[in-house]
Structure formats: structure tokens, C-alpha cells
Amino acid sequence: MWVTLHIESPDGAVDTIQLDAASPVTLGRGQECNVVFPAPQVSRNHITLVHEAGRLMVTDNSANGTWIGTRRIHNEEARIRSGSMLRLGPYRVTIRAHDEGADFQTDSVVSGSFTVGKSHPPSQSAVSPTVSPDGGKQGALAPDLRRRIHRLLLEHMDLAAYDRNKMNDQQMRPKVHAALSRIMGQMSSELAAGINPALLIEELADEALGLGPLERLLADDTVSEIMVVDSQTIFVERRGKIERATQHFTDEEAVRAVIERIVTPLGRRIDESNPLVDARLKDGSRVNAIIRPLALKGASITIRKFSRSLFSVDQLVELDTLSLQMAQFLVRSVKAKKNIVISGGTGSGKTTLLNVLSSSIPAEERIVTIEDAAELQLPQVHVVPLEARPPNMEGKGEFAIRDLVRNALRMRPDRIVVGECRGGEALDMLQAMNTGHDGSLTTIHANSPLEAVNRLETLVLMSGLDLPIRAIREQIARSIHLVVQQARLADGTRRITRISEVVGISHAGELKLHDIFEFVRTGTGPKGHVLGEFVTTGYLPTFLEEFGVLGLVEGADYL
């Protein structure tokens, strides 16, 4: 038994290798594996491929699991078919099995190990990468040819006749693969030389059943945000930097089809009378879609990916998001039940920090979380997650954040964690903090701690109650203890730039804040890297002694 592996790297490059599966084949990051994947998301010995009794078996040995199509296996064995597509971290591997009598060129079989993405001289026993004229990326086919293949697929299968509620992707995909294989065979004379058939079939199947070119970007753990500008232009965010992706859609109709696949199962619609929609993918990723006439260049999609890995305070310190001293102070403040507002711009890491700080809440306390789209992943057991709901097609059934905050007060919470204050719920949140629910946390869009508390004033005014500004400021001063400012810097790194205490109201009636910690920029390093250091300002918070009373510090180690 021989197997051929078509391996697509995150950058779209493709390697094709052949292996003798008479003995177990190992794939992983370790140099001892038969096929080496140089990426931290891949485990040292990720999977083992075995052919036994005419069956092709894969065993997952990894920390994060392996995806077989849309099914995830983790530390278990599964049978796969020839043509199955596996995902190992950011890599896609299509596996095809061949009989003993298959005809191979003598220099096409790998002996020893093969490192993915590494150039191999002709003298080595590795197949030269099978790359299409555009580098193995989507777009090797002209748009009109791709449309023809889709029409033929509909004729071959009559996809509309299948009940998608009764047949999942795992059942549909083999049928689509078989139909596409027949079509590709009939059209072989029209396909350009160098096109990888297995990769092309997978792309076309993704367009027919899934989210098209977005499938690969969603599977890529290095991508945190996907931004479809129009059918031919897709940008992604990697490590805080925005770059253009190589993928694109066939046409605007394909983009609209993907949007429909996302919103229809959720009972929502998008059309000219309702040209924008917010939704969520099965993995929790947030989706915003907008179409003509509001989107002048055509249908546009923005996806904020759901993080599969949970950050800890220690990891944020390692990433230089904050100093160890700042981390200790914030964790102690959470345990001491201080009300904290996390402030920052879009994509600055507010939700990640909120999740990390919320994880420090003692396990014996009852926590109610309230979000527009559920993103928080708290490790505690006693957590009641609530999610807002938009109106249905008839304009009914809406439950806003404010409704859920009010209801949470009747649920006997020890802590209330609101994903983001962006409207009249700010008043309810402040009242909750003032009525025995200390230790609550939330986020807000603002560029500095002072702007954050000023924005809170504005949001309270949106509650519809005619309150004097002085009363609102007094409420904020009594309720909020700390404002933590998070920012995404020019080099893409995310840092806590300031931690400030709200200390009261000045004689002029303005809210007063004192900085406790701040990030001081000292220069610019190689490749635009931001240089700086975290410093203490010398100001001691008014509640510092509480840390000692509660047994959160030893000796005089308060900060």
C-alpha cells in the first residue's frame, strides 16, 4: 500500500509526496517524523498513519486534535477513506491510497523524512511540489470555468433535492467529491497544466457545501480576523498585522451564497430590505455581513475568529502585554472585588483580557456573563452565560444586553461580567455595582481611561432617564474602581498602556483619575518593533491595604 499526500501550507504552497504505508507513517513537528511540519500548532508526533487489513487508519497523538473534514478526533483512532482531507494546525493534508501495483517513478517516493515547505534538491527522494501557475493558490481556474463546473455539479447531483437538515457535511462531502471527480475527468483537456486536482476538488467542494475560500482561513490558527472587501479581495489579520490573502471568491454571487449559509440556520435574513446582519459561526466566531445597496463594492464579510486556546495571566506576561507586577495587581484587584472597566479600541484585545481577569474570580462565587455574541470561556463551574438575541424576521423577540443585565440582578449573582457596555445598560451596570455586586467587570470602546469614564456618562444618558451630569458622575465615582487601558500598537502587539484608579470628583465637578501603572515608549526597534517599558507612577491606590486584610499579599508586597 502506497499513499500520496497533497500538503497545503498556510501560505498556499503545495507539496506532493508519496510514502510506503507498509509500516506506520508519522506526521508531526519532530524531526524524527516521516513528514515534518515546522509549525508550533503541530504537535511533535501529531498523527500516525497505518494501513492494515485493507483499511487506512489514522491515530491522533496531539495536544489540539486533528480535523478529518468537519469532524475532530483527539487522542483516538479513526478510519479514513482515500481522498480524505486532514487538518494539522494550519496545514491541510489530502491523503490518497494506492494499490501495490501502482506505477510510481523511482524518484517520487520519500525515504527518511520530508520537511514541508523546505526546498529539496533533485538528488533527494522527494517529489517536486505540484504547484499551479499561481503558486498553488485558489484562482488557478478562470472564473467562467469555475462557474461552469458549479453548474455541472448541480446537474450531476441536484443539490437542492437533498435535505440538508437530514444530511450533514460529512455525509454530503463524499457525494460532492465523487461528482466533482467525474466532472474533472470530463474536463481534463480544459484544465491548465500543473493544477492539483485533489486541491481543486477540495476548493470546489468548499464552495458548494461550506464557506468557500474562507474555510482555509478559518482553519488557520494564525489568522485572528478575516475581512472580505469584495469577491476578489480578502484581507486577514495575523499577529496584529493586516495582510492581503491569496484566496478569493469566484464572483459576488458566491459571496452572497456563503452569507446565506451562515445566517439562514440562525433564522435571520439578508436582502435589500435588510442589507446587514450580525451572526455567529458554529465555533463561536462573530460574523458581520453587509450587501448592496449599502456596500458599494458588493457583499462584504467580517469575521472575528473565536479563539480555541485560552490565555492565562502568565501567557500575557510572556507576550509582554503587561508586566508581572501589573498582572499581580490586577489579579489581586479581581479577588478583592474591585469593579473594573477594560477600555480600548477595536481589536485591542479587550475581550481576551476580560476572559483572563474573569478567570481569576474565586471558584465558589456565582458568575453571570452577558454578551452580544458569546466569547468568554471561563474555567469556573458556577457560570451562567447569557447571550443577547436580535429581533426575528417579524421584528419581534429581541432581548438586548440591558434586558439581560436587569434579569441577572434577579439571579443572585456574586459577579456580573458584561462583554461590552455600548448603550443604556451602562446605567444598570453601575447600579448593580452599587447594590452589592462588587467585583463586576465590563469593557468599553475608548482611547484612554478618562475617555472611558466620559463615554460611560454618555451611555448612561442613552438609558432614557433625565439624570443630571453631577449625579451620573457621582454614580461612576462610587461604582468604578479601576480602568485598564488596552491598545494595539503600530507593530501589531497588544499592550496594557495604563491602569488608573477612579478617585472621585474634583471641585470643578470633573471625574478624577490617578495612573498607577503605565507603558512608556522609548523608541522603535528593527522592523518597526515598538520599544518601551512598564513603569509604576508612584501613586498608591486607596484600596491597597485591603490586599493585606484579605490575605492576598505577603508582608509589604502590595504592588
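## Helices α9 and α10

Angles under 35 degrees count as roughly parallel. In this predicted model, the axes of helix α9 (residues 401-408) and helix α10 cross at roughly 20° and come within 9 Å; α9 and α10 are therefore roughly parallel to each other. Their crossing is left-handed.

On the α9 side, the contact is formed by I401, R402, V405 and R406, which meet E425, L427, D428 and M429 in α10. By class, the residues in this contact of α9 with α10 are 4 nonpolar and 4 charged, with no polar residue.

## Helices α10 and α11

Helix α10 (residues 425-433) also packs against α11, at an angle of about 110° and with the axes 6 Å apart. That angle makes α10 roughly perpendicular to α11.

Here A426, L427 and L430 of α10 meet L456, L459 and V460 of α11. The contact of α10 with α11 comprises 6 nonpolar residues, with no polar and no charged ones. L427 is listed in the contact of α10 with α9 and again in the contact of α10 with α11.

## Helices α11 and α12

Helix α11 (residues 449-461) in turn packs with helix α12 (residues 469-479); the angle is about 125° and the axes lie 10 Å apart. The two helices, α11 and α12, are therefore oblique to each other. The crossing of α11 and α12 is right-handed.

In α11, the residues V453, L456, E457, V460 and L461 meet I469, I472, R473 and I476 in α12. This contact of α11 with α12 divides into 7 nonpolar and 2 charged residues, and no polar residue takes part. Two residues of α11, L456 and V460, are listed in the contact with α12 and also in the contact with α10.

## The six-stranded sheet

Elsewhere in the chain, an open sheet of 6 strands is arranged in the order β15-β14-β13-β18-β17-β16, and its pairing is antiparallel. The edges are formed by β15 (241-244) and β16 (276-280), each of which pairs on one side only. On average, neighbouring strands of this sheet are turned by 15° against each other, direction ignored.

Within the sheet, strand β13 (residues 223-230) runs antiparallel to strand β18 (residues 300-304), and 4 bridges join them. V228 stands opposite I301 in β18.

Is H248 buried or exposed? A residue counts as buried when its relative accessible area is under 20%. H248 has a relative accessible area of 18% and is therefore buried.

H248 and V228 are 20 residues apart along the chain, and their C-alpha atoms are separated by 8.6 Å.

## The chain as a whole

The chain contains 13 helices and 27 strands. Of its 559 residues, 52% are buried. Among contacts between residues at least 6 apart in sequence, 53% join residues at least 24 apart.

Key:
Residues numbered from 1 in each chain as written. Predicted model: local features only at pLDDT ≥ 70, side-chain atom pairs only at ≥ 80, totals over all residues. Heavy atoms only, no water. Axes fitted to C-alpha atoms, helices over the stretch in contact; angles between N-to-C directions. Parallel < 35°, antiparallel > 145°, perpendicular 65-115°, else oblique. Left-handed = near helix turned anticlockwise from the far one by under 90°. Contact = heavy atoms within 4.5 Å. Nonpolar A, V, L, I, M, F, W, Y, C, P; charged D, E, K, R; others polar. Pairing = 2+ DSSP bridges. Buried < 20%, exposed > 50% of the residue type's maximum accessible area, 1.4 Å probe, protein only.
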